[in-house]
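Student: I have a model open and want to go through it with you. Where do we start?

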Amino acid sequence: MKKLLLWLYLVMPLVITAQASWFNLEVQFDSYGPDESVVIVTSQNDTLVNHTPTLPSELFQTIVFTNTPSVTLTLLDSFGDGWIDQNNAYSGVVISNSCEGEILDLDARFDFETHEVVINLLPCPPPILGCTNPDLE
C-alpha cells in the first residue's frame, strides 16, 4: 500500500499537468497571401503549424493536436496592411473543437505586420476520424 501511495504522489502531478486537446484550424488568406502572408501556431517551444499559402485567397484547414493548455497563433503580413485585398473579402482565422465549439473567430482585415493571439484550451479528447458505422467497413 505504501508503494502505491508513493507512486501516486510522484506520478499524479505529471498526469495532471499533461493536457491533451485539439482544435480545427481554418485560415482564409487574402488574394495577396502567396506573396506576403504566413500563419504559425506554436506551443511552448514547438511549432505545430507553419503555413504559407500557394494560391490567392487560399482556404487552409487542418486539425492540430497539443498536450499543452495554451497555444500561440501568429499571423504575419510582410506588406503591413493585414490580410485585406481590393475586394475586401473575409480573411481570417477560425479555431474550434467539439468540446468548446468556436474558440476564436478573428477577422484579419486590419493593419498588422505581426499579430499574436494566445488561445487557452480545455482538455478535449481527440475526434474520431473515419467512418464509425461498422456496417460500412
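Tutor: With a definition: buried means under 20% relative accessible area, exposed over 50%, and partly exposed in between (1.4 Å probe, protein chains only).

Student: Is Ser57 buried, exposed or partly exposed?
Tutor: Partly exposed, because its relative accessibility is 39%. Ser57 sits in the loop between strand E3 (46-51) and E4. Strands (E, at least two residues) and helices (H or I, at least four) are DSSP runs, numbered from the N terminus.

Student: What does Ser57 touch, not counting residues up to four places away in sequence?
Tutor: Gln28, Phe29, Asp30, Ser31 and Asp85. Contact means heavy atoms within 4.5 Å. The C-alpha atoms of Ser57 and Gln28 are separated by 6.6 Å, with the two residues 29 apart along the chain.

Student: What is the mean pLDDT of the protein?
Tutor: It is 88, and 86% of residues reach 70 or more. pLDDT is the predictor's confidence in each residue, from 0 to 100.

Student: Where is confidence lowest?
Tutor: In helix H1 (residues 2-17), at a mean of 51. Over residues 12-17, pLDDT stays under 50. Where pLDDT is low, the predicted coordinates should not be read in detail.

Student: And where is confidence highest?
Tutor: In strand E5 (residues 70-77), at 98.

Key: Residues are numbered from 1 along each chain as its sequence is written. This is a predicted model: local features need pLDDT of at least 70, side-chain atom pairs count only at pLDDT 80 or more; totals for chains, interfaces and linings use all residues. Side-chain values use heavy atoms; hydrogens and water are left out.
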